[in-house]
Amino acid sequence: MVEVNLNPEEDVKKIIYLHPGDVLGDWTVLDKIGEGGFGAVYLVNYNIYDDNWLIYLSVLKAEYYVLTELKKAKATHFCDILDSGLVGENKYVVMTLVGQSLTVAVMDLRKHDPAQKIQKFTMGCALSVGMKCLEAIEELHNIGYLHRDIKPGNFAIGRKNVRQIYLLDFGMCRKYLNNQSYIRNPRRSAGFRGTVRYASISSHISREQCRKDDLESWMYQQQKPY
């Protein structure tokens with residue numbers, strides 16, 4: 001394991017990176033799948049039943065709380081949490097292993113049909129996927145959180161059920177409800193959050209985001225598609 005110092009402004013000062021062969025409880029790390037600004041994703045093997053899952057190692061404890069709240073709400077468009085723990089100061093969760101992101105799925109269309117000049121889903125497929133993405137956003141809003149980074153790369157299809165859609169990556173989530181379940185007062189100015197291509201107008205002009213901004217990003221995503 002390697003410890004790397006982060007920017008001092010971060011809530012957690014360092015993130016611990018794992019390597020193939022590292023063992024966390026009943027889980028053995030096989031490979032690193034991806035990495036972001038707030039954590040990394042690893043493919044792991046369950047030592048008891050010899051099955052593969054995902055470990056998400058994050059410097060943001062809030063991501064763990066979002067996932068646990070979604071599980072309590074029995075949300076259907078999010079990964080299940082199978083296990084959790086600590087590695088140093090970092091929280092890790094073991095989650096369902098999902099399939100390709102929507103971005104990668106569209107890129108693969110070109111490989112299967114080289115004659116297709118424009119990489120996109122059929123109209124029926126785009127509408128079906130779009131509705132399921134919208135359902136996922138609604139489930140997140142129902143527990144009081146905004147995603148603030150809606151884009152094709154943060155949605156994935158299921159491994160066994162390709163019609164299943166998962167919403168991923170809660171590093172930019174923000175709770176928009178207070179402890180009394182009322183909408184929090186907006187800040188006078190808020191920093192940019194999101195991905196430039198899909199971010200809402202409010203995000204670009206440093207306004208506080210709300211639920212409609214996630215929907216605006218979803219609309220831009222649908223216009224691609226994808």
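Predicted model: local features only at pLDDT ≥ 70, side-chain atom pairs only at ≥ 80, totals over all residues.
How many cavities of 30 Å³ or more does the count come to? The count comes to two.

**Stop 1: helix H1**

Select residues 61-72, which form helix H1. The helix has 12 residues, and at 1.5 Å a residue they should span 16 Å. Now show the side chains of Glu63, Val66, Leu67, Thr68 and Leu70, which are buried residues of H1. Past the helix, pick Lys74, which follows H1 and has a positive phi, near 60 degrees.

**Stop 2: Lys61**

Go back to Lys61, which is placed in helix H1. UniProt, in an unreviewed entry, lists Lys61 under "binding site".

**Stop 3: Lys72 and Glu69**

Stay in H1 and select Lys72 together with Glu69. The two form a salt bridge, with the closest N and O atoms 3.5 Å apart. They are three residues apart in helix H1, so about one helical turn separates them. Side chains of opposite charge can pair when their charged atoms come close. Lys72 is exposed, with a relative accessible area of 63%, whereas Glu69 is partly exposed at 32%.

**Stop 4: from Glu69 to Tyr145**

Along the chain Tyr145 and Glu69 are 76 residues apart, and their C-alpha atoms are separated by 10.0 Å. Tyr145 has a relative accessible area of 13% and is therefore buried.

**Stop 5: the other salt bridges**

How many salt bridges does a search of the whole structure find? The search finds six, and the pair at Stop 3, Lys72 with Glu69, is one of these contacts.

- Select Lys151 and Asp149: these residues form a salt bridge, the closest N and O atoms being 3.8 Å apart. Lys151 is partly exposed, with a relative accessible area of 22%; Asp149 is buried, at 7%.
- Select Glu216 and Lys212: their side chains meet in a salt bridge of 3.8 Å, N to O. Both residues lie in helix H5 (residues 211-222), four residues apart, about one turn of the helix. Glu216 is buried, with a relative accessible area of 12%, and Lys212 is partly exposed at 40%.
- Select Arg174, Arg187 and Glu208 together: salt bridges link these residues in a network.

**Stop 6: the largest cavity**

Which residues lie nearest the centre of the largest cavity? Select Arg148, Arg193, Gly194, Ala199 and Ser217, which hold that place among the 13 residues of the lining. The volume of the largest cavity is about 50 Å³. By type, its lining divides into three nonpolar, six polar and four charged residues.

Terms used. Residues numbered from 1 in each chain as written. Heavy atoms only, no water. Helix = DSSP H or I, 4+ residues; strand = E, 2+ residues; numbered from the N terminus. Expected span 1.5 Å × (residues − 1). Buried < 20%, exposed > 50% of the residue type's maximum accessible area, 1.4 Å probe, protein only. UniProt positions renumbered as here; feature names shortened; annotations may be inferred. Salt bridge = Lys/Arg side-chain N within 4 Å of Asp/Glu carboxyl O. 1 Å grid on protein atoms, 1.4 Å probe; cavity = no way out; pocket = protein on both sides within 12 Å on 5 of 7 lines; lining within 4 Å. Points joined across faces, edges and corners; volume = space filled by probe spheres on them. Nonpolar A, V, L, I, M, F, W, Y, C, P; charged D, E, K, R; others polar.
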